[in-house]
There are 2 protein chains.
Amino acid sequence: MKNYSHAALHAFTKETLQKIGCPERDAETAADVLLSADLRGVDSHGVARLSGYVRLWEVSRLNAKPIPQVVHETPSTAVVDGDGGLGLVVGPYAMQVAIEKANNVGTGWVSVRNSNHYGIAGYHAMQALPHDMIGISLTNASPLVSPTFSKERLLGTNPIAVAIPALHQDPFVLDMATTTAANGKLEILMRKGEQAPSGWVQDKDGKPSTNPYGVKEGGALLPLGGDRVHGSHKGYGLSAVVDIFSAVLSGANFGPWVPPFVAFLEPHPNPVGKGLGHFFGAMRIDAFRPADEFKGQMDTWIKRFREATPIDGQDRVLIPGDPERELETKRKKEGIPLLPAVVEDLKSLAQKLEIGWME
Amino acid sequence: MKNYSHAALHAFTKETLQKIGCPERDAETAADVLLSADLRGVDSHGVARLSGYVRLWEVSRLNAKPIPQVVHETPSTAVVDGDGGLGLVVGPYAMQVAIEKANNVGTGWVSVRNSNHYGIAGYHAMQALPHDMIGISLTNASPLVSPTFSKERLLGTNPIAVAIPALHQDPFVLDMATTTAANGKLEILMRKGEQAPSGWVQDKDGKPSTNPYGVKEGGALLPLGGDRVHGSHKGYGLSAVVDIFSAVLSGANFGPWVPPFVAFLEPHPNPVGKGLGHFFGAMRIDAFRPADEFKGQMDTWIKRFREATPIDGQDRVLIPGDPERELETKRKKEGIPLLPAVVEDLKSLAQKLEIGWME
């Protein structure tokens, strides 16, 4: 694997999006979001997806010049219609609406329809941090996950992200799929030729499987917990809440109706809503207690957990966000490693759109 | 096991709480909350806990005549001080504040300090349903759970409940501990003399265990996921969010500082806050879209998931809330089965407080 600088990949991403018609400012925002995934180690949601977005645009399932709009609101809530745009652009717009409402009345909650994949959930939640707010970000996604006891795939990996500021400590940033393992982890196993652990996958007949190709062959990812005895009904329940907040509240497609990310699969012929959905929240800390008081207590919380006695064979207890932040620091310095297949894909994209490649 | 009628147990609970000084209206509310756990099959959080609350009162760790108060607020948020009262009384008060704020500005969010255990999380979330609102209820609890990689117990079973109304279908009610399995499930295994499944418990050295006495012997319950490879860092992260929203936002004790429910264990000598904490949310459906439109789509959601093809050996795919509601219907008719040990405990309580027992 070769490393590429954040700046170079950012410029390439921005140029690509401008080539398909995105206004410069939107292309800049989208590149910020997409590249944050590569920096933070969620490689499946970064530049590796860029050509996927372009293909969606080619089949007219992506509006390169969206005008997202608030279509309904109260002092603390809004529904945003994303105008069929990139989630990478619509998401930051909607999160900004949530932050403004939190400024006015303490909290802001925005459900979004008619959008597309929005990159990593954590990016959007973290937008609240500089405002001394807690940020929340949820999205539904293409159906790859079976509820407990179901043979059918009805849910996406539907992530939950929560970002909470601290004083001297780094912020707490939870960013998790509601499945036992994300799809990207299966791709790593495929490349290595290894089996998947129990509880990650079921086969097309709904039987537990350790085949990393299980999902590709018609099976499904499993909700966090893996099976009933290990609590998969809880992972399923959380994923369902994400789906409902993101799509039933806004009027987007939900469950098995969520349009697939890949352009070669057709969307459902009878949609129940528009595009896919997200849900954002912002809570002003000082709507509850003075911000410095809260953040000081967060430092106490974080330090206590960080200093917990680790089990044998482990160095330390981690705080949500630690691994991603450490990787971000490293990759900002050393560059972002891209798989040869991803590089080839980006080079073809460069050729097709007549953009200079960086080497 | 003998069955007791809901009405009889409710009357007994109310009388008990009045005997220790609770005003009649508070005793009525508390009995409603406590008995809803027995009806819904969360037996560990129902009348089996009644004598535990009384013992907390005996050691002056419970205020029988609390005056809960809003101590800080914005149009969409509040912090409530529970005045050291029963969570069974403070919880409904705070949820009512959330509902009023949602009526005014679309949503209401209330963090609570200086409270005590509040029964089942689901009860409080469900208070929002008759108002055509989504209800959310979180609480922290005595530290019995180890974060991923930690030998120490730093978190409670910290539940998440979300209640969502539908039109003709029954409401969606998620009510889950953020552990693989709740402590009550271990008690069932102890009585049966059976081992625990993998991923539920670790021993006092932090090693995976199948000993149902593992927690009693100094080990810990494990976060949903069980171990790192099965996603326990996600269960840990969710539990941490519950702790922070419930206690760091309000000024209650958090993490290992949460006071134990059992009266024979002393609270931490250097508390970081007051009592334990809860967090409640209410979101008015029509702050997002017309309520009937939303509820109609919830019916579509629920029907589609209910009709999913089940895996071999299973009858059907369940919707969160189905098992509890079915049990509630049955127990309202047939009565609530109590273990002999629970009956003996309640009889002693009756004797001590000079209340008539029902048989």
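I counted 23 aromatic pairs over all chains, pairing rings of Phe, Tyr and Trp (its six-membered ring) if their centres lie within 6.5 Å; planes under 30 degrees apart count as stacked, over 60 as edge-to-face and the rest as tilted. One of them is A:Phe279 with B:Phe288, tilted, at 6.4 Å centre to centre and 45° between the planes. This pair joins two chains, because A:Phe279 lies in strand β11 (residues 276-284) of chain A and B:Phe288 in the loop between β11 (276-284) and α8 (291-306) of chain B. Helices (H or I, at least four residues) and strands (E, at least two) are DSSP runs, numbered from the N terminus.

This is a predicted model, where local features need pLDDT of at least 70, side-chain atom pairs count only at pLDDT 80 or more, and totals for chains, interfaces and linings use all residues. Residues are numbered from 1 along each chain as its sequence is written, chains are lettered from A and ligands numbered from 1 in the order in which they are written, and side-chain values use heavy atoms, with hydrogens and water left out.

Is A:Phe279 buried or exposed? I found it buried, with a relative accessible area of 2% (buried means under 20%, exposed over 50%, partly exposed in between, with a 1.4 Å probe and protein chains only).

Next I checked α3 (residues 50-58) of chain B, where the buried residues include B:Leu50, B:Tyr53 and B:Leu56. The buried residues of α3(B) pack against α1 (6-19), α2 (24-39), α4 (87-105) and α10 (340-353) of chain B, contact being heavy atoms within 4.5 Å. Just after α3(B), I noted a positive phi of about 60° at B:Ser60.
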